[in-house]
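User: I'd like a close look at a single part of this model, please. Could you walk me through one of its sheets?
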Amino acid sequence: MMLDHTDGTQPEDQSDTGYVKTVSQRIQTAQKRGASGEIYGSFLIGDSEFAIPVSAVQEVVNEPTDISPMPLAPPYMLGLFNLRGQIIPIVDLRILLGFSDQRQVALRRVAIIEYGEHCIGLLFDLTGEVLNGNQATRVNFQAKEDGPRDVVINGVLKFEQGNRLVQLLDPYELLNLDQVPRATKSSDQVEVKSAKGKRRNCISFQTGHTTCAIDLRYVKEILKMPKVDQSLFARGNVIGTTNLRGVILPVVDFRAFLGDGAVFHLGKTIPSERKMVVLETAEGMVGLMVFSIDSILPYYRDDVLPFAKLALPRGDYVNGCLISEQDKIVMMLDQKKLRTDPELVEIAKACQEIYPSDGQNCDGETTQVSTTRRTYILFTFEKMFALDTACVSEVINRPDHLLEPPYSLDFVEGIINLRGELITLFNPRLLYGMPPKRIDGQKVLIFRNEGNKYGILVDSVDEIIMTNVDNIAELQPLDHQGNGKRIVDDVEGCLHRKSTTKADVSVLVLDSAAVVKRCMIAMDQAQLR
């Protein structure tokens, strides 16, 4: 709420509760004095004073330090921030109202405006005071609709015989601005949640300016961006086709599909970090080119925070938002709509008709061989390994700060405090006698074993593939010397697959239980020394 700063002092209580309490007291005081007019909270942008009815203001908070930008948003729409589990879009009033973007104060304030089920945040310079409309002369404006300012400013309050002018903002017109999302207050945020339902996993990735996620159940495969060929399908968001182990797929620039930034044109060099998400549509597979794969996030249905009229050209393809372990906002895509999108379905069907498959799927497997499928996450430390995603809880970035363990073992990096859960982080290089190596962008695979969670530090997460169990072969003991023998002891099999260049590739599948057992034995031996 707005505060009276006419005495030049700051309130003692800077918390949200302090603001609400102070305004409540001032409104009650004004009402006791017989003021029958509407009560306003005023605020400053530079030397100009504005006001909003306090009935529309939910609270006032400090300017958040972490704001997630939105693609194709107008300049005044700064992005989204997380306010105690509620996603709030922020409008910079300084930009909206045509002021220079030079800040007058180091720390600005955000007024949370609430109307019905929708909320937005209004960023301004300083709080003003509580005003009684009965003590002023009001002059109403008729909206000219020449620009946002002409729509949202609907009048002026004249105080002190016209020597003090306070411009009135219409909070409801602010909620109707083009390309401004309105956060919807879900009943789940008010009512006690009785059951969270089934836990799912989603894969998060960068599309440019935005972090998105898709439920892993609907993803066929994720891999490094293969070679893309010129094709007659190259139009709109389709940049060409790729030969994925015998299956020709259309490749879609997913950033352009979502309307986020510049369109990629084939002929440019595709950066090596680009990834391709293979999605199964109603008429066949398509490859979605994304910037990078971030992590695997566990979620429940109630964890997806809802939106209304999201500021995206494809806003209807977004179910809501998830909050990552680093308090980042992740857009949860509606995978069912993606799988039935007319553009994606049409291009997948046309590609299948012109390039019919030879009875093999994208793993190079004959589809009649086996119906038992498993999904593996492929990662690298020194060489490529795999883990069954059935035991992987999530994938996170390596934390900057780790808790010190109560013991000293070289292969234990430290303890991760993950949402209040303490997880031991192992360094597999040191566990298997390899030289230590620290690189940027390391990931942590969180996996489960006998009801406990552990973390394993890896250089990168490379791919996620789905394959038949027939492609997992027992490992032949070819290397009985050095570090290879030690790693082989903790391997449950070898995954055979073809790379994007059709070369045969073998990937060792780690046995998570064997890895944990090795660590426990090393800990017991250290205690006996």
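What is the strand order in the open sheet of five strands, and which kind of pairing does it have?

Analyst: Happy to! A word on the ground rules: this is a predicted model, in which local features need pLDDT of at least 70 and side-chain atom pairs count only at pLDDT 80 or more, while totals for chains, interfaces and linings use all residues. Residues are numbered from 1 along each chain as its sequence is written, and side-chain values use heavy atoms, leaving out hydrogens and water.

The open sheet runs β26-β29-β30-β28-β27, and its pairing is mixed. Strands here are DSSP runs of E with at least two residues, numbered from the N terminus, and two of them pair if DSSP finds at least two bridges between them. At the edges lie β26 (392-397) and β27 (412-418), each pairing on one side only. From one strand to the next, the twist averages 30 degrees, an angle between N-to-C directions on a scale from 0 to 180 degrees, with axes fitted to C-alpha atoms.

Within β28, T424 is the bridge partner of I415.

Now to the loop between β29 (443-449) and β30 (452-458), where E450 sits. Most residues other than glycine have a negative phi, yet E450 has a positive one, near 50 degrees. E450 is exposed, at 75% relative accessibility (exposed means over 50% relative accessible area, buried under 20%, partly exposed in between, with a 1.4 Å probe and protein chains only).

Methods:
Helix = DSSP H or I, 4+ residues; strand = E, 2+ residues; numbered from the N terminus.
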